[in-house]
Amino acid sequence: MTVCVTGLGAATCLGLSYKDLWAGLCSGKSGISRITSFDPSSFKCQIAGQIPDFSIRDYVPKSVRKTTKLMSRDIEIAIIAANEAFKDAGLKTKAFDDEQSITINPKRSAIILGANSISCDLLEISPSIAKGVVDGKFDIRKWGTDSIETVTPLWLLKYLPNMLACHIGIIHDLQGPSNTITCAESAGLLAIGEAYQIIARGDAELALAGGGESKVNPIVHMRQSLLKRANDDSNDNPTEACRPFDQNAKGCIFGEAAGCVVLEDLDRAKNHNAKIYAQIAGIGQSCSINTKYEALEPDGKGVQYAIEAALADAKIKPEQIDLIIPHGTGVVADDIAEATGIRNALGTVGEKIPVFPTKSMVSNSGSGAGAVDFIVACCAINDGIIPAAKNCTTVNKECKLNIVKEQIKKKINYVLCTAYTYGGQTAAVILKNEN
């Protein structure tokens with residue numbers, strides 16, 4: 001069964017729509033700036049990719065607005081992306097119309113999203129933590145007797161990873177298969193891959209898939225700094241800070257984003273005259289854990305295996321790929337490892353295929369990253385454009401990839417997207433031009 005993409009939705013540091021995302025990338029715009037959501041002055045890295053201001057009440061039906069009190073930032077941005085994806089697909093769900101006008105079958109509609117452990121709001125939890133302090137130190141026993149009484153019983157519902165899919169499923173009345181993938185930066189692509197399989201085997205006719213995460217949070221920033229993954233040397237020049245595959249790369253810049261896509265069985269899509277951005281031709285995934293947990297293994301075997309599996313699933317040869325959108329974080333060792341995996345999987349053509357890394361402009365949004373790249377791939381196929389990469393002036397000699405220096409206009413038949421996470425999980429998806 002053929003599965004195609006009929007709707008796109010995104011919320012990124014370049015704007016609150018996928019059109020803002022695509023326009024920004026095509027113009028070489030970076031959305032990375034100094035952090036404003038909290039005071040970053042005590043952190044070495046003080047910049048991030050932040051989504052523009054919004055009110056979540058503008059994106060949910062009146063009937064569920066009370067539930068916004070139980071929504072973390074991750075949930076909110078995923079809702080924005082999901083709304084746009086359904087509207088872009090020309091579908092009417094419970095969120096937009098009365099029951100007589102709904103154009104989806106809720107029981108045959110799946111939702112598979114990537115999410116991560118959601119860091120709590122420190123201002124929200126700090127009074128409770130303070131009650132657990134004895135003689136200047138936190139006492140877990142006092143937390144269990146005094147502090148816990150000050151925490152609302154529903155507090156945890158804001159921070160469970162499955163709440164992204166839960167809220168969106170309720171808003172749009174998606175009653176089919178539901179799952180949450182918690183594989184950090186690989187989660188978005190893995191979620192899309194699972195949704196593709198659900199439709200392909202006939203367990204649903206439509207799916208909302210993707211991922212979302214906000215890493216603009218003091219706890220996340222502290223964690224990434226301790227792991228030595230964040231660039232702490234470019235606070236005065238944020239738009240030039242993230243340099244995937246560049247010889248002067250100094251680390252990753254983290255941010256927030258959500259990307260959602262509507263996937264449909266091809267026959268269903270044609271029956272309602274949907275705009276078809278692309279077909280999913282093949283998927284691949286692997287797990288290759290490095291003994292150094294926080295880094296990709298140097299030989300990039302996980303990336304290689306995932307790409308090889310996707311090629312086999314798509315039944316195409318490496319030379320048929322017209323564009324690669326890699327994970328590309330700007331962490332030097334990881335970029336070299338990913339590039340090695342790409343070249344080993346694709347052979348000699350791996351050094352010739354155009355490569356367009358996005359994180360130099362949209363930052364690393366964790367569970368949202370792969371979905372954002374997937375959306376970029378759909379836009380590239382639809383418009384026949386490969387934007388110029390930003391901040392890769394001189395390609396690291398150990399990467400040996402064909403990073404796009406100037407915008408290319410051509411028909412794009414196949415695009416390969418890759419993703420990996422520091423836990424060893426990798427993913428690859430190949431998209432095919434429908435036309």
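A residue counts as buried when its relative accessible area is under 20%, and as exposed when that value is over 50%, with partly exposed in between. By that rule Asp322, at 12% relative accessibility, is buried. The structure described here is a predicted model.

**Strand β1 and its partners**

- All 9 of the 9 residues of strand β1 (residues 3-11) are buried, so the strand is largely enclosed by the rest of the structure.
- Strand β1 runs antiparallel to β9, and 8 bridges join the two. Within this pairing, Gly9 stands opposite Cys260 of β9.
- Strand β1 also pairs in the antiparallel sense with strand β10 (residues 278-287), here over 2 bridges. Val5 is placed opposite Ala278 of β10.

**Crossing of helices α1 and α12**

- Helix α1 (residues 18-26) and helix α12 (residues 369-383) have axes that come within 10 Å and cross at roughly 70 degrees. The two helices are therefore roughly perpendicular to each other.
- On the α1 side, the contact is made by Tyr18, Leu21, Trp22 and Leu25. On the α12 side, it is made by Val372, Ile375, Val376, Cys379, Ala380 and Asp383.
- The residues of this contact comprise 9 nonpolar, no polar and 1 charged.

**Salt bridges**

- The count of salt bridges in the model comes to 15.
- Lys158 forms a salt bridge with Glu124, and their closest N and O atoms are 3.3 Å apart. Lys158 belongs to the loop between α4 (140-145) and α5 (163-172), whereas Glu124 belongs to helix α3 (residues 122-130), so that distant parts of the chain, 34 residues apart, are linked. Lys158 is buried at 13% relative accessibility, while Glu124 is partly exposed at 33%.
- Glu240 and Lys390 meet through their side chains in a salt bridge with an N to O distance of 3.8 Å. Glu240 is in the loop between α7 (218-226) and β9 (256-265) and Lys390 is in the loop between β13 and β14, so the pair ties together parts that are 150 residues apart in sequence. Glu240 is partly exposed, with a relative accessibility of 29%, and Lys390 is buried, with a relative accessible area of 18%.
- Lys410 and Asp322 form a further salt bridge between their side chains, at 3.7 Å from N to O. Lys410 lies in the loop between β15 (408-409) and β16 (414-420), and Asp322 in the loop between α9 (301-314) and β11 (323-325); the pair links distant parts of the chain, 88 residues apart. Lys410 is partly exposed, with a relative accessible area of 33%, in contrast to the buried Asp322.
- A network of salt bridges links Glu240, Arg243, Asp246 and Lys390.

**Asn396 and Phe245**

- Asn396 occupies the loop between β13 (385-386) and β14 (402-403). Its relative accessible area is 10%, so Asn396 is buried.
- Leaving aside residues up to four places away in sequence, Asn396 touches Phe245, Asp246, Gln247, Val332 and Ile336. Among these contacts, Asp246 is also a member of the salt-bridge network.
- Phe245 is found in the loop between α7 and β9 and is buried, with a relative accessible area of 1%.
- The phi angle of Phe245 is near 65 degrees, a positive value in a residue other than glycine.

**Asn273**

- Asn273 likewise has a positive phi, near 55 degrees, in a residue other than glycine.
- Asn273 is located in the loop between α8 (266-271) and β10. At a relative accessible area of 70%, Asn273 is exposed.

**Gly384**

- Gly384 lies in the loop between α12 and β13, and is buried with a relative accessible area of 14%.
- Apart from residues up to four places away in sequence, Gly384 touches Cys379, Ile408, Lys409, Lys410 and Ile412. Of these, Cys379 also takes part in the contact of α12 with α1, and Lys410 is the salt-bridge partner of Asp322.
- The C-alpha atoms of Gly384 and Asn433 are separated by 9.9 Å, and the two residues are 49 residues apart along the chain.

Technical notes. Residues are numbered from 1 along each chain as its sequence is written. This is a predicted model: local features need pLDDT of at least 70, side-chain atom pairs count only at pLDDT 80 or more; totals for chains, interfaces and linings use all residues. Side-chain values use heavy atoms; hydrogens and water are left out. Helices (H or I, at least four residues) and strands (E, at least two) are DSSP runs, numbered from the N terminus. Buried means under 20% relative accessible area, exposed over 50%, partly exposed in between (1.4 Å probe, protein chains only). Contact means heavy atoms within 4.5 Å. Axes are lines fitted to C-alpha atoms, for helices over the stretch in contact, and angles run from 0 to 180 degrees between N-to-C directions. Angles under 35 degrees count as roughly parallel, over 145 as roughly antiparallel, 65 to 115 as roughly perpendicular and the rest as oblique. Ala, Val, Leu, Ile, Met, Phe, Trp, Tyr, Cys and Pro count as nonpolar, Asp, Glu, Lys and Arg as charged, and the others, Gly among them, as polar. A salt bridge is a side-chain nitrogen of Lys or Arg within 4 Å of a carboxyl oxygen of Asp or Glu. Two strands pair if DSSP finds at least two bridges between them.
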